[in-house]
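Then we will turn to what lies inside.

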Amino acid sequence: EALASLCCVNKYYFARLFKSATHISPHDYIRRVREERAEELLLGSEEKIAAIARRTGFEDVCYFSRWFKKTHGVSPVEFRARKSK
């Protein structure tokens with residue numbers, strides 16, 4: 001809704017335009033960007049998981065951890081440990 005309002009269009013019309021241009025819904029695009037940013041921060045920094053959660057748009061670190069495990073099959077801590085080896 002926020003993106004649609006920035007463009008001064010209806011949210012449904014915005015979603016349709018976005019998907020026709022990118023072949024992905026705005027929701028899926030934002031999810032993908034957050035996921036990629038979380039991966040980058042986990043691998044490229046020593047930041048705490050809670051800080052990474054906040055930087056990627058999650059206020060609740062527990063929710064972030066559950067979401068990350070659901071999408072990657074491992075917790076953020078395990079992801080960091082496995083990739084750093």
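Glu35 forms a salt bridge with Arg31, and their closest N and O atoms are 3.4 Å apart. A salt bridge is a side-chain nitrogen of Lys or Arg within 4 Å of a carboxyl oxygen of Asp or Glu. This is a predicted model: local features need pLDDT of at least 70, side-chain atom pairs count only at pLDDT 80 or more, and totals for chains, interfaces and linings use all residues. Residues are numbered from 1 along each chain as its sequence is written, and side-chain values use heavy atoms, leaving out hydrogens and water.

Why can these two meet? Glu35 and Arg31 are 4 residues apart in helix H3, so about one helical turn separates them. Helices are DSSP runs (H or I, at least four residues), numbered from the N terminus. An α-helix has 3.6 residues a turn, so residues three or four places apart point the same way. Glu35 is buried, at a relative accessible area of 16%. Arg31 is partly exposed, at 31%. Buried means under 20% relative accessible area, exposed over 50%, and partly exposed in between (1.4 Å probe, protein chains only). Asp28 joins Arg31 and Glu35 in a network of salt bridges.

Now look inside. The buried residues of H3 include Ala38, Leu41 and Leu42. These belong to the largest nonpolar core, 12 residues in all. Such a core is a set of buried Ala, Val, Leu, Ile, Met, Phe, Trp, Tyr and Cys residues joined through side-chain atoms within 4.5 Å. H3, H4 and H5 each supply at least two of its residues.
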